[in-house]
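Please keep both open as you go.

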Amino acid sequence: MRAAVITFPGINRQDDIARAFTLAGGEAVHAWHADTALPGGTDVVVLPGGFSYGDYLRCGAIAARAPIMDAVRAHAAKGGYVLAVCNGFQIACEAGLLPGVLMRNAGLKFVCRMQHLKVQRGDTDFTRHYQAGQVIEVCIAHGEGNYVTDDETLARLEGEGRVAFRYCDAAGDETKRNPNGSRNAIAGVYSENLRVLGMMPHPENLVESLVGGTDGLGLFQSLVKAA
Amino acid sequence: MKARVTVTLKNGVLDPQGKAIEGALKSFGLEGIGSVRQGKVFDIEVDTADKARAEALLKQACEKLLANTVVENYKVEVVG
């Protein structure tokens, strides 16, 4: 499994997420925003977290129009995997790879803390190492993670089982601990073919017990096995 | 030509920044402040003297980058 981790100016989580893929048994290579083609043999495109273009205009808006993004859209269109985390999720939404928008947190504060999530389904290529309904603890660090869509899109996402993760408390209550006001406590969503996943939390931070836990590792192991 | 593009949030989209500004204005005791919605203004110089062309160009700029039409509306004014 080869993951191509794309770095845009202002992105700062590219090495952590590349490392998570390596720990899970995959191979990670780096790609640059100004490239027009993905590295050969790319199975998974990774849009990492950070602050591309200083979050100017709207988070992810400028990176979403970078030269490499045409190749990323083509990769997704032919069924390739895309994992988009935090600023990467914002970029994916702005690029039209996923529906919705990430708006300013309802509480206006940048939220940086550990956060429980409920895995909504355990049968996608991103989540086979988890069980449906499992509560995992990862971390979040964002100021614009408030997931917004219109009612129709929200109903479609829910109806098609395209919500990947919801924020919840340690007991799995999805009505508690919503850090940013996201509709239906949505922390991550899939594309229609379940091959593109965008999420605000950082699974790549929780891949080693030495640094606080391994609840994020299963996502990378699932992908490495699938791709 | 000079032009001004205004980008505003659609009705019904939560605007926590606007709410915070509204709260601050009200806390000054300013009478008559109803509600506040925050938006963005872009002043743009366009290399054409043709008003219709300038408007078409800026509409494209809005659709491609300046506005996210999922949650935002935009208005283009060519000011001459």
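## The sheet of chain B

Thr6(B) has Val41(B) of E2(B) standing opposite it. This is a predicted model, in which local features need pLDDT of at least 70 and side-chain atom pairs count only at pLDDT 80 or more, while totals for chains, interfaces and linings use all residues. Residues are numbered from 1 along each chain as its sequence is written, and chains are lettered from A and ligands numbered from 1 in the order in which they are written.

- Helices (H or I, at least four residues) and strands (E, at least two) are DSSP runs, numbered from the N terminus.
- E1(B) pairs with E2(B) in the antiparallel sense, over 6 bridges; two strands pair if DSSP finds at least two bridges between them.
- Chain B has an open sheet of 3 strands in the order E2-E1-E3, with antiparallel pairing.
- E2 and E3 of chain B are the edge strands, each pairing on one side only.
- From one strand to the next, the twist averages 20°; axes are lines fitted to C-alpha atoms, for helices over the stretch in contact, and angles run from 0 to 180 degrees between N-to-C directions.
- H2(B) packs on this sheet and touches E1, E2 and E3 of chain B, where contact between two residues takes C-beta atoms, placed from the backbone, that lie within 7 Å.
- The direction of H2(B) makes about 155° with that of E3(B).

**Helix H2 of chain B**

- H2(B) spans residues 51-66, and its 16 residues have end C-alpha atoms only 20 Å apart, short of the 22 Å that a straight helix would reach at 1.5 Å a residue; the expected span is 1.5 Å times one less than the number of residues.
- Which residues of H2(B) are buried? They are Ala54(B), Leu58(B), Cys62(B) and Leu66(B).
- A residue is buried if 20 or more other C-beta atoms lie within 10 Å of its own, exposed if 12 or fewer, and partly exposed in between, with C-beta atoms placed from the backbone.
- Exposed residues on the other side of H2(B) are Ala52(B), Gln60(B), Glu63(B) and Lys64(B).
- The cover over the buried residues of H2(B) includes strands E1 (2-9), E2 (40-45) and E3 (72-78) of chain B.

**Where the chains meet**

- Chain B gives 9 residues to the contact and chain A gives 11 residues.
- On the side of chain B that touches chain A, the largest share, 3 residues, comes from helix H1 (residues 16-27) of chain B.
- That side of chain B divides into 7 nonpolar, 2 polar and no charged residues; Ala, Val, Leu, Ile, Met, Phe, Trp, Tyr, Cys and Pro count as nonpolar, Asp, Glu, Lys and Arg as charged, and the others, Gly among them, as polar.

**Strand E3 of chain A and its partners**

- From E3(A) (residues 44-47), Val44(A) and Val46(A) point one way and Val45(A) and Leu47(A) the other way, and all are buried.
- E1(A) (residues 2-7) runs parallel to E3(A), joined by 3 bridges, and Val5(A) stands opposite Val46(A).
- E4(A) (residues 81-85) pairs with E3(A) in the parallel sense over 4 bridges, and Val82(A) is the bridge partner of Val45(A).

**Helix H1 of chain A**

- Gln14(A), Ile17(A), Ala18(A), Ala20(A) and Phe21(A) are buried in H1(A) (residues 14-23).
- Seen down the axis of H1(A), these buried residues fall within an arc of 155°, so they line one face of the helix.
- They pack against E1, E2 (27-32), E3, E4 and helix H5 (217-226) of chain A.

**Loops of chain A**

- Leu108(A) is not a glycine, yet its phi is positive, about 70°; Leu108(A) lies in the loop between E5 (101-103) and E6 (111-119) of chain A.
- Leu108(A) counts as partly exposed, with 13 C-beta neighbours inside 10 Å.
- Leu194(A), in the loop between E10 (186-190) and E11 (196-199) of chain A, has a positive phi of about 65° although it is not a glycine.
- Leu194(A) has 18 other C-beta atoms within 10 Å and is partly exposed.
- Gly96(A), in the loop between H3 (87-94) and E5 of chain A, is exposed, with 12 other C-beta atoms within 10 Å.

Conventions:
Arc of directions from axis to C-beta.
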